[in-house]
Protein chains: 2
Amino acid sequence: MSQLRLPPIQTTARDDAVLEALAGFVQQEALQPGDKLPTERILAERLKVSRNTVREALTRWEGLGLVERLQGSGTFLKAAVSPHMLHMPLTLAGGNDFASLMQTLEVRRALEAEAVSLCAMRTGPQELDLIRRKLETMEEAFHSRAGMSSEEDWEFHQAIYRASGNPLFEQLIAAMHEMFHRFWEHPLGVRNFGHASFPYHRSIYERIAARDAEGARAEALKLIATVEADLRRGEAARNQARQA
Amino acid sequence: MSQLRLPPIQTTARDDAVLEALAGFVQQEALQPGDKLPTERILAERLKVSRNTVREALTRWEGLGLVERLQGSGTFLKAAVSPHMLHMPLTLAGGNDFASLMQTLEVRRALEAEAVSLCAMRTGPQELDLIRRKLETMEEAFHSRAGMSSEEDWEFHQAIYRASGNPLFEQLIAAMHEMFHRFWEHPLGVRNFGHASFPYHRSIYERIAARDAEGARAEALKLIATVEADLRRGEAARNQARQA
DNA sequence: ATCATGCAATTGGTTGGACCATTGATCCAA
DNA sequence: TTGGATCAATGGTCCAACCAATTGCATGAT
């Protein structure tokens with residue numbers, strides 16, 4: 001016999017209750033990102049809890065990136081918050097830059113392949129046109145600067161994710177992108193990083209335009225493979241330099 | 001010209017300093033998950049900060065799932081913690097409808113296929129043995145209750161993600177799992193949900209044990225396909241009932 | 001001796017009040 | 001108009017006490 005499953009009782013959970021109330025308030029007032037929330041002191045007074053409890057609750061929201069606290073100024077909403085929203089922090093154990101970068105790439109490979117495939121099946125003429133324009137902008141930047149421009153490159157990929165018809169892909173890959181670039185502040189000594197990935201952008205676009213889902217997936221996998229190769233090349237160079 | 005990039009100044013950041021010190025302590029003492037951390041009062045005394053500040057810092061770690069606080073008992077380490085950890089909040093918007101459930105499944109399909117494939121390439125004998133035990137537990141529960149048990153099923157999949165060698169997969173799929181089940185409290189009228197997925201669990205395990213990455217991926221895709229089919233079946237039934 | 005009961009210490013959770021540090025607006029003088 | 005001084009508002013920190021849950025020990029009955 002299982003365990004009856006009737007422990008829903010929860011005498012007290014002060015700060016959780018505070019966050020619940022605050023989420024309701026935000027929704028009721030239709031607060032947008034950037035708007036200012038009530039003062040900690042006011043919240044404490046209105047909710048009939050200590051200011052300390054309010055602070056612990058806000059600390060949790062701050063940790064989730066939902067809110068930003070500026071001393072002397074106030075507390076401001078940083079992201080949309082609604083009851084039907086899942087907030088969850090991703091943790092990546094650092095210590096080894098190379099391994100962490102490869103892990104984000106493995107996830108990106110999984111997501112990007114699927115997103116490109118879905119895009120090829122679902123995208124409409126408008127989204128396709130936008131993707132083409134982003135591609136041309138990227139190619140132009142590539143030729144004028146003689147190298148990959150991460151900004152235009154990223155916008156091209158984003159346009160694809162948006163056209164996949166599933167907003168989760170864009171959010172998740174954006175998280176991977178951000179994690180990748182946080183480790184990227186010290187370039188790992190790779191020259192012409194991403195150079196090899198250039199031609200695959202156009203081939204991906206062509207497969208999408210041809211509504212060839214599997215072809216687009218294959219090209220996306222090739223693109224990620226070139227990035228992984230660049231990363232491995234840099235790591236090998238670093239190891240060699242360390243031994244010398 | 002870009003913006004000079006010189007805002008590194010950071011006069012004080014008490015709770016950050018507390019967490020940094022605590023991370024160093026954990027590493028120095030080689031504390032493992034499950035071990036007990038010093039009392040809040042002791043930390044406050046040793047670090048020469050207020051207990052309140054210690055609490056805010058621990059609240060952040062609790063939000064990241066790194067520690068667990070038990071009133072009357074103490075604060076316990078819940079996950080490995082290293083000084084150079086990267087945290088990134090992930091917020092996903094979802095709705096309680098058929099489309100949202102399908103979107104979580106699309107993401108899960110992408111991630112699960114890749115994770116299973118990586119697992120087949122990387123898993124060691126110990127992890128493989130754990131996966132086998134989880135599989136047997138699940139099969140036992142299936143036969144005794146004549147139906148899928150989501151608890152044992154989930155543990156089986158988790159064992160695979162852990163053996164994939166990339167912790168991001170477990171975290172991301174856990175987010176999808178949570179979103180899916182948050183809206184699953186009212187079964188959408190599907191009887192024997194997940195029943196068809198049962199045989200694929202064993203076939204996935206066998207492909208992993210055989211180090212057949214592509215075969216494992218194929219079986220994982222079949223499994224997800226059965227879940228999608230169940231979902232579509234339920235949606236069709238709902239639409240039919242609505243029209244009647 | 002063994003087990004149950006209950007007291008007491010430990011520990012996280014909460015409260016209220018005070019003060020510090022930063023910010024932004026207001027006011028005043030050059 | 002401009003520049004600086006002042007001051008109120010607001011988040012950050014501190015302190016001391018008490019509440020609530022847990023744990024362990026001691027006492028006592030069996």
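This is a predicted model: local features need pLDDT of at least 70, side-chain atom pairs count only at pLDDT 80 or more; totals for chains, interfaces and linings use all residues.
Colleague: How are helix 5 of chain A and helix 6 of chain A oriented to each other?
Modeller: Helix 5 (residues 125-145) of chain A and helix 6 (residues 150-163) of chain A pack at an angle of about 165 degrees, their axes being 8 Å apart. Angles over 145 degrees count as roughly antiparallel. Helix 5 of chain A is therefore, relative to helix 6 of chain A, roughly antiparallel.

Colleague: Into which classes do the residues of this contact of helix 5 of chain A with helix 6 of chain A fall?
Modeller: On helix 5 of chain A the contact residues include Leu130(A), Ile131(A), Lys134(A) and Met138(A). Helix 6 of chain A contributes, among them, Glu152(A), Asp153(A), Phe156(A) and Ile160(A). By class, the contact has 9 nonpolar, 1 polar and 6 charged residues.

Colleague: What is the handedness of the crossing of helix 4 of chain B and helix 7 of chain B?
Modeller: Helix 4 of chain B and helix 7 (residues 167-182) of chain B have axes 10 Å apart and pack at an angle of about 150 degrees. Because of that angle, the two helices of chain B are roughly antiparallel. The crossing of helix 4 of chain B with helix 7 of chain B is left-handed.

Colleague: How many nonpolar, polar and charged residues make up the contact of helix 4 of chain B with helix 7 of chain B?
Modeller: Residues of helix 4 of chain B in this contact include Leu101(B), Leu105(B), Arg108(B) and Leu111(B). They meet residues of helix 7 of chain B, among them Phe169(B), Ile173(B) and Met176(B). The contact divides into 12 nonpolar, 1 polar and 3 charged residues.

Colleague: Is Glu106(A) buried or exposed?
Modeller: Glu106(A) lies in helix 4 (residues 97-122) of chain A. Neighbours within four places in sequence aside, Glu106(A) contacts Glu114(B), Leu118(B), Arg122(B), Asn166(B) and Phe169(B). Its relative accessibility is 5%, and so Glu106(A) counts as buried.

Colleague: Which helices of chain B do the buried residues of helix 8 of chain B pack against?
Modeller: Helix 8 (residues 198-209) of chain B has as its buried residues Phe198(B), His201(B), Ser203(B), Ile204(B), Tyr205(B) and Ile208(B). Just after helix 8 of chain B, Arg211(B) adopts a positive phi of about 60 degrees. The buried residues of helix 8 pack against helix 4 (98-122), helix 5 (125-145), helix 6 (150-162) and helix 9 (213-243) of chain B.

Colleague: How far apart do the C-alpha centres of domain 1 of chain A and domain 2 of chain A lie?
Modeller: The domain assignment of chain A gives domain 1 (14-77) and domain 2 (97-243). Between the C-alpha centres of these domains of chain A, the separation is 38 Å.

Conventions. Residues are numbered from 1 along each chain as its sequence is written. Chains are lettered from A and ligands numbered from 1 in the order in which they are written. Side-chain values use heavy atoms; hydrogens and water are left out. Buried means under 20% relative accessible area, exposed over 50%, partly exposed in between (1.4 Å probe, protein chains only). Helices (H or I, at least four residues) and strands (E, at least two) are DSSP runs, numbered from the N terminus. Contact means heavy atoms within 4.5 Å. Axes are lines fitted to C-alpha atoms, for helices over the stretch in contact, and angles run from 0 to 180 degrees between N-to-C directions. Angles under 35 degrees count as roughly parallel, over 145 as roughly antiparallel, 65 to 115 as roughly perpendicular and the rest as oblique. Ala, Val, Leu, Ile, Met, Phe, Trp, Tyr, Cys and Pro count as nonpolar, Asp, Glu, Lys and Arg as charged, and the others, Gly among them, as polar. Domain bounds come from an automatic or database domain assignment. A crossing is left-handed if the near helix is turned anticlockwise from the far one by less than a right angle, and right-handed if clockwise.
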